[in-house]
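Have a look at the model first, then read the points beside it.

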Amino acid sequence: MNEVIKIIEKFAPYIKKKLEEKSDRPTDRYKLVLRKFSQNFLEKYELFKLKKIIKYSYNNSPFYHKLFKQNSLKPSDIKSFSDMIKIPYTQPEDLQNNPKSFFSVPENKFVNVLTTAGSTGKPKKAYFTKEDNDKIVKSIALGGKLLYGISQKDVIRFTFEVGYGTEIWGTRYYFDKAYGEIIGALMLSTGRLSIKDELAIIKEYNPNIFGDVTSRISYLTNEMKKICDLPSLGIQTIFIGAEPTPNTLRKNIEKAWNANAVIGYGINEVGPLIAGECDNKCGMHLNEINYLLEVVDPENGEHLEDGEVGEFIYTTLDRKGMPLIRYNSHDLGRIISEVCICGLPLKRIEIYGRTDDLVPIGAGDNLFTRKFDDILFSVPEIVDYQIVFDRKDGIDQISIIAESQKINKIIQGEIINKIIKISKIENGINVSKTIAKPIVKLVKPNSLERDSIKIKRVIDNRGLYE
Ligand SMILES: [Zn+2]
């Protein structure tokens, strides 16, 4: 990213005057300059950086040195992107079990560690040096300018929680530095406050940008609209993400605030912000300068074409403290390679869920539990929900417990009717008789147990994995 910033800064003054005649928004200037980079240029640049980081990791990271040796690989064997499939994946468990084996600099060079709770309870750990952090901060700042035109005029309220093992994109640290210290916006960052205190802060400082994970924004929206007129608060842009955000839920948030809600995506151990939507909201622009993404077939590990849905495998192209090569995020999604109408040459990605979201059900089918998001969140009264799987006498039982602002049989019936039309459930009920008719229970908002961040979406009591 440093190199790209340098190139942009070098070219910017020459065309600045001309561009300023067209627009006074700094973001448009950056976009126009960046448009000059073709996807072809970016690919060459990525390959150059990839070869460098592979050689660096082989020489400095005990984990990768061993992995390459075990597989009789040398850095020179990786000549193109297609050669990457020769390298086995790095799994999240590797970062849970022995993060220090990835250390590629002396331990005293690390200045912070980000943790993410894993499915087995043991957090994944990623350590960062000051140099790593500086690069991340610069890339987030550039993304803020390019995608949202963030400037000194902005007042930004972020309420991301910072805790041990929390699944949040990075920490507030990166955003405060990027948008505050580098761009010069006024940052109002705290953890989460009570609704009353939140409202008081918004009224006192008038932020125009607000950000937190989708479920928290959704909760705030529902609670605050009871006591005030949300559009009158003047929030124009809402950053959401860090968890699945169905379009229906986004639209509910946008309508309530009369604001634009854009989705960002990151993975603590890879990068706190890997991709973000532009105003067109048609997929998230991937930071291809710092991260290489491969989309692979989860069954056979082969590379998939752009547009095909597969597992997302990341390589950090600039990380020096603890580089990751072919890290399997277990996210499922696809690349959209067509150039976005905003003109940024960066590819866009769409994420549909995680391989862990595939739940075996009925007669050997795999149900993608995210299908429930669109059904539940398209009902305006529904605030949040949980799915519970049980098995009785060999028959799968699906219960949906949904927090609803109104509790009545009409809403309940509407949800049941949509769920039984999901083809795999319909087959299980009517054809293979392996699934009982789903149960929908409506409860008052805030009835479901939440950890510090969100509701556990899926509970599987069937003991299938024991
Ligand atoms: Zn775009």
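1. Two strands pair if DSSP finds at least two bridges between them. Helices (H or I, at least four residues) and strands (E, at least two) are DSSP runs, numbered from the N terminus. With that in hand, you can see that β17 and β18 are parallel partners, joined over five bridges. In this pair, Ile401 faces Lys441 of β18.

2. A word on the source. This is a predicted model, in which local features need pLDDT of at least 70 and side-chain atom pairs count only at pLDDT 80 or more, while totals for chains, interfaces and linings use all residues. Residues are numbered from 1 along each chain as its sequence is written.

3. β17 has another partner to look at. Strand β16 (residues 382-392) pairs with strand β17 (residues 395-404) in the antiparallel sense, over 10 bridges. Phe389 sits opposite Ile398 in β17. The two strands form a hairpin with two residues between them, and Asp393 in the turn has a positive phi of about 50°.

4. Now for the helices. The axes of α6 (residues 130-148) and α7 (residues 172-183) come within 8 Å and cross at roughly 65°; axes are lines fitted to C-alpha atoms, for helices over the stretch in contact, and angles run from 0 to 180 degrees between N-to-C directions. α6 and α7 are therefore roughly perpendicular to each other (under 35 degrees counts as roughly parallel, over 145 as roughly antiparallel, 65 to 115 as roughly perpendicular and the rest as oblique).

5. Which residues of α6 and α7 make the contact? Among them are Ile136, Ile140 and Gly144 of α6, and Tyr174, Ala178 and Ile182 of α7; residues are in contact if their C-beta atoms, placed from the backbone, lie within 7 Å. By class, this contact has 10 nonpolar, one polar and three charged residues (Ala, Val, Leu, Ile, Met, Phe, Trp, Tyr, Cys and Pro count as nonpolar, Asp, Glu, Lys and Arg as charged, and the others, Gly among them, as polar).

6. Please also check two loop residues. Ser72, in the loop between α4 (62-70) and α5 (92-97), has a positive phi of about 50° although it is not a glycine. Is Ser72 buried or exposed? Ser72 counts as exposed, because it has 8 C-beta neighbours inside 10 Å (20 or more other C-beta atoms, placed from the backbone, within 10 Å means buried, 12 or fewer exposed, in between partly exposed). Lys433, in the loop between α13 (423-430) and β18 (439-443), has a positive phi near 55°. Lys433 is partly exposed, because 13 other C-beta atoms lie within 10 Å.

Note on methods. Two residues are in contact if their C-beta atoms, placed from the backbone, lie within 7 Å.
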